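I open this notebook to record what I looked up in the structure.

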Amino acid sequence: MKTIKTTLVLIFIAFGIFSCSDDNALIIDPQDEISLEFRQELNVSYGNDNDQVFDIYLPANRTINTKVMILVHGGGWTSGDKSDMDDFKDIMLQDLPNIAIVNINYRLADTDNQPYPMQIDDITTIVNVLKANQNDYVISNDIGFLGTSAGAHLSMLWSYAFDTNNNVQMVASVVGPTNFTDPAYTENENPILQEIIDTFGIDVSTAYLEELSPYHQVTSKSPPTILFYGGQDPLIPISQGIDMETKLSEFGVTHQFTLYPNAGHGWIGLELLDTWTKLKAFTEVHLE
């Protein structure tokens with residue numbers, strides 16, 4: 001069995017077309033004859049902000065059918081970096097070598113810039129950049145998302161509410177907030193939980209909280225979803241995972257749900273191994 005050398009702690013595409021002068025010659029796609037090598041590009045800019053960059057890892061022997069996994073880091077919408085997802089990136093390169101990986105940064109929220117819709121807009125831009133460069137990168141338009149914490153929230157929300165072309169084939173949430181109208185948030189007496197709500201603005205309306213909650217955006221056409229949560233998470237109430245699993249069931253969305261009763265906002269050891277085993281199998285079915 002391959003081991004995972006990682007500790008997961010969360011606070012949270014050129015086609016060259018050519019032809020011969022012979023009128024009877026066929027137009028040949030060089031990719032039918034040439035095996036493409038592994039390729040990576042780091043800190044690819046997709047906007048004017050320093051945070052608007054991504055890393056892309058393109059597998060050897062890829063074709064226009066090669067799927068893409070987008071990694072979205074956590075950090076409470078206000079912090080974090082794509083390097084936080086390097087452990088996931090590394091194990092994917094090892095165990096899922098036929099999938100392209102895009103590890104993204106996005107603009108971080110502050111007192112003058114709320115996370116929504118800014119960060120969703122960044123994801124939309126990234127997806128559009130990938131499509132615009134599809135022939136160069138040699139990848140398909142089919143994508144998946146793997147997000148942790150705030151990144152999991154963004155991954156689910158974009159997949160459920162903003163994927164107008166139905167390109168998302170799967171989404172994975174590791175301790176991602178799902179429902180900001182959950183009484184565990186709105187009626188809490190915990191300043192840490194209140195701070196999570198306040199990140200999106202003071203005195204926000206219920207309608208606004210529903211708009212930015214993946215739980216309220218699920219439909220029967222939502223992509224297959226895999227969820228992982230910790231029973232002792234101080235930031236993400238257990239109801240966030242359980243209620244999301246129920247909502248996905250109600251709409252008949254293909255999904256898996258795992259709750260680690262004794263885990264917090266992240267885990268290591270056997271629980272982490274279990275997470276990767278399930279996530280790898282889910283990805284092989286829905287994205288590879």
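What should the 18 residues of helix α9 span at 1.5 Å a residue, and how far apart are its end C-alpha atoms? I find that helix α9 (residues 269-286) should span 26 Å and that its end C-alpha atoms are 26 Å apart, which agrees. The expected span is 1.5 Å times one less than the number of residues.

Basis. I work on a predicted model, in which local features need pLDDT of at least 70 and side-chain atom pairs count only at pLDDT 80 or more, while totals for chains, interfaces and linings use all residues. Residues are numbered from 1 along each chain as its sequence is written, and side-chain values use heavy atoms, with hydrogens and water left out.

Overall. I note nine helices and 10 strands in the chain; these are DSSP runs numbered from the N terminus (helices H or I, at least four residues; strands E, at least two). Of the 288 residues, 49% count as buried (under 20% relative accessible area with a 1.4 Å probe, protein chains only; exposed is over 50%, partly exposed in between).

Helix α9. I list L272, T275, W276, L279, F282 and T283 as its buried residues. They cover an arc of only 135° around the axis, which puts them on the same side of α9; the arc is that of the directions from the helix axis to the C-beta atoms. On the face turned away from that buried side I find the exposed residues L270 and V285.

Strand β6. I checked residues 143-148: six of the six are buried, so β6 is largely enclosed by the rest of the structure. I143, F145 and G147 point one way, and G144, L146 and T148 the other. Strand β4 (residues 68-72) pairs with β6 in the parallel sense over five bridges, where pairing requires at least two DSSP bridges. I70 stands opposite F145. β6 and β7 also run parallel, joined by six bridges, and L146 stands opposite A172 in β7.

Aromatic rings. My search of the whole structure returned 10 aromatic pairs (rings of Phe, Tyr and Trp, the last by its six-membered ring, with centres within 6.5 Å; planes under 30 degrees apart are stacked, over 60 edge-to-face, the rest tilted). F180 lies in the loop between β7 (168-174) and α5 (183-186) and F200 in the loop between α6 (191-198) and α7 (206-211), so the pair ties together parts 20 residues apart in sequence. Both F180 and F200 are buried. I assign W77, F180, Y185 and F200 to one aromatic cluster.
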